[in-house]
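The following exercises are to be worked with the sequence and the coordinates at hand. Each task is followed by a solution in steps.

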Amino acid sequence: MEEEDDELGSTSTYSDDDTQRIVLHVYDDESREFASLTTYHGMSALMLLFYHSHPTFFKTTNILLNDEHLPLVTVCKIGGAGRWKSYPEIETRKDLLTVFDSVLLGASLDSTEIRELHLLEEIYLNSTKTKFKMRKFLLENRSECDEFVTSVHIGDRLMSNHCKRAHWSFTDLGYCSTFTWENSSSTSHTLRIDVVSGTDVDLEVVVFRIHPSNLAKAISSEGIYVARGKTTKLAIRAKKRIHLKANEWGDCMVESFPNVGGRYDRENCEIQCSVEHYKQQCGCIPFFAEKQDGRECTLAEMATCRRKELLLPGGKRGCLCPVECEKIDYTYSPVVYIKKHHRNRSSIEIQMLSRHLEVNEQLKRIKAVDLLSYVAGSMGLFLGMSCVTLLEIFVYLFKSVWGVFNDQVNYYYS
């Protein structure tokens with residue numbers, strides 16, 4: 001085939017092979033363009049892998065705080081010779097009273113202090129003709145609310161008969177008084193609890209804990225100590241966490257915990273785990289166990305088993321306690337101590353830092369319907385194609401057929 005350019009006076013000659021190569025080159029460009037625009041089917045495998053990993057995230061919202069979200073405050077008084085007034089031979093032994101309180105606070109004792117515990121139990125046995133039972137002793141010699149809590153205020157309002165409104169809570173420090181943040185006209189009002197200390201400056205300790213309505217057991221590890229002759233001030237913020245259940249990509253537990261009963265909470269689980277440790281290591285039941293279905297541990301056994309528990313690597317006791325599906329926690333700012341005029345009087349002042357409850361809810365990052373949408377978009381539900389892929393194939397075939405037909409027409413008329 002020959003082509004002549006009259007204006008330039010030049011002549012170009014193309015063979016049929018050259019024309020065929022040009023047409024095929026156009027087809028190759030179309031193919032590469034189609035391949036570059038077509039959806040990547042390998043993304044579907046990555047999406048399936050992502051879905052199988054059960055990804056989740058926490059969504060944070062804020063709702064208005066109301067009375068049911070306000071915490072309870074449990075106040076404990078431990079130590080002092082007053083609880084030993086029925087046992088004069090022990091009441092005068094300050095060294096024995098100190099080591100007894102150390103057991104109650106969960107401290108690690110050495111061999112000398114353990115021998116003092118044996119001596120205390122021996123003196124108790126000789127004077128009462130009965131063995132020392134920790135739980136029974138704490139019940140019979142508990143500090144009455146009227147003995148150390150002088151008043152309770154909510155805002156500017158004095159609560160009348162505050163001790164009658166309080167209730168007993170059994171904790172790992174013994175029997176304590178629990179107060180409710182009730183009948184508050186505003187959640188921003190301050191709760192103030194005034195306490196008075198006795199003459200045993202070195203022995204008496206007041207500890208309090210802020211907790212939800214169903215939890216008041218671990219005071220020794222979670223409590224805040226009240227400085228004698230000072231006001232303990234802190235501001236708290238309420239936060240609620242909602243976790244997904246185990247069969248819905250989460251790991252929370254809703255069933256009641258065995259041997260404890262009631263609604264499951266992680267703290268009960270950890271306490272029961274500690275009880276199992278005492279059973280295995282010493283063959284006895286600690287006084288703070290919910291169910292006393294065996295021999296109660298002696299003071300020396302409590303100290304020995306506690307020491308073994310602290311020496312475990314990483315504090316692990318061979319048990320797993322999952323999180324609760326719903327729980328309200330209270331975080332607080334650093335505690336501030338303000339000196340009072342009277343040395344034996346102390347106060348606890350608690351104020352809500354915000355009037356809103358922060359809710360952190362665990363949600364699925366991708367749902368089944370989202371997975372279907374992603375897979376359908378990248379692979380297609382039928383024939384491995386999506387609508388875009390079908391359109392791309394149609395355009396590709398149209399250009400290819402049109403190119404061949406146009407080439408044949410040009411060849412016919414040339």
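A residue counts as buried when its relative accessible area is under 20%, as exposed when it is over 50%, and as partly exposed in between. The model is a predicted one. Its chain has 414 residues, of which buried residues make up 39%, and it holds 12 helices and 16 strands. Of the contacts with a separation of 6 or more, 75% join residues 24 or more positions apart.

**Exercise 1. Determine which residues of helix α4 are buried, and what this says about the surroundings of the helix.**

Step 1. Helix α4 covers residues 94-104. With the cut-off above, Leu96, Leu97, Val99, Phe100, Asp101, Ser102, Val103 and Leu104 of α4 are buried.

Step 2. These are 8 of the 11 residues of α4, so the helix is largely enclosed by the rest of the structure.

Step 3. Just after α4, Gly106 has a positive phi of about 75°.

**Exercise 2. Classify the packing of α4 against α5 as roughly parallel, roughly antiparallel, roughly perpendicular or oblique, and describe the contact.**

Step 1. Helix α5 comprises residues 111-128; its axis lies 9 Å from that of α4, and the two helices pack at an angle of about 110°.

Step 2. Angles of 65 to 115 degrees count as roughly perpendicular. The pair α4 and α5 is therefore roughly perpendicular.

Step 3. From α4, the residues in contact are Asp95, Leu96, Val99, Phe100 and Val103; from α5, they are Glu113, Glu116, Leu117, Leu119, Leu120 and Ile123.

Step 4. Sorted by class, this contact between α4 and α5 has 8 nonpolar and 3 charged residues, and no polar ones.

Step 5. An α-helix has 3.6 residues a turn, so residues three or four places apart point the same way.

**Exercise 3. Describe α5 from its N-terminal cap to the residue that follows it.**

Step 1. At the N-terminal end, Asp110 caps α5, with a side-chain oxygen 3.3 Å from the backbone nitrogen of Thr112.

Step 2. The 18 residues of α5 reach 26 Å from the first C-alpha to the last, close to the expected 26 Å at 1.5 Å a residue.

Step 3. The buried residues of α5 are Ile114, Leu117, Leu120, Glu121, Ile123 and Tyr124.

Step 4. Lys129 follows α5 and is found in the loop between α5 and α6.

**Exercise 4. Lys129 and Trp249 have a positive phi. Is each of them buried or exposed?**

Step 1. Most residues other than glycine have a negative phi.

Step 2. The phi of Lys129 is near 65°. Its relative accessible area is 68%, and Lys129 is therefore exposed.

Step 3. For Trp249, phi is near 80°. This residue is placed in the loop between β12 (230-242) and α9 (266-282). Its relative accessibility is 14%, so Trp249 counts as buried.

**Exercise 5. Examine helix α9 in terms of its cap, its span and its burial.**

Step 1. Asp265 caps the N-terminal end of α9, a side-chain oxygen of Asp265 lying 3.2 Å from the backbone nitrogen of Glu267.

Step 2. The 17 residues of α9 should span 24 Å at 1.5 Å a residue, and this agrees with the 24 Å between its end C-alpha atoms.

Step 3. The buried residues of α9 include Ile271, Val275, Tyr278 and Cys282, and also Asn268, Gln272 and His277.

Step 4. After α9 comes Gly283, with a positive phi near 70°.

Conventions:
Residues are numbered from 1 along each chain as its sequence is written. Side-chain values use heavy atoms; hydrogens and water are left out. Axes are lines fitted to C-alpha atoms, for helices over the stretch in contact, and angles run from 0 to 180 degrees between N-to-C directions. Helices (H or I, at least four residues) and strands (E, at least two) are DSSP runs, numbered from the N terminus. Angles under 35 degrees count as roughly parallel, over 145 as roughly antiparallel, 65 to 115 as roughly perpendicular and the rest as oblique. Contact means heavy atoms within 4.5 Å. Ala, Val, Leu, Ile, Met, Phe, Trp, Tyr, Cys and Pro count as nonpolar, Asp, Glu, Lys and Arg as charged, and the others, Gly among them, as polar. The expected span of a helix is 1.5 Å times one less than its number of residues. Buried means under 20% relative accessible area, exposed over 50%, partly exposed in between (1.4 Å probe, protein chains only). A polar contact is a pair of N or O atoms within 3.5 Å; within protein, one must be able to donate a hydrogen and the other to accept it, and residues adjacent in sequence count only if both atoms are side-chain atoms.
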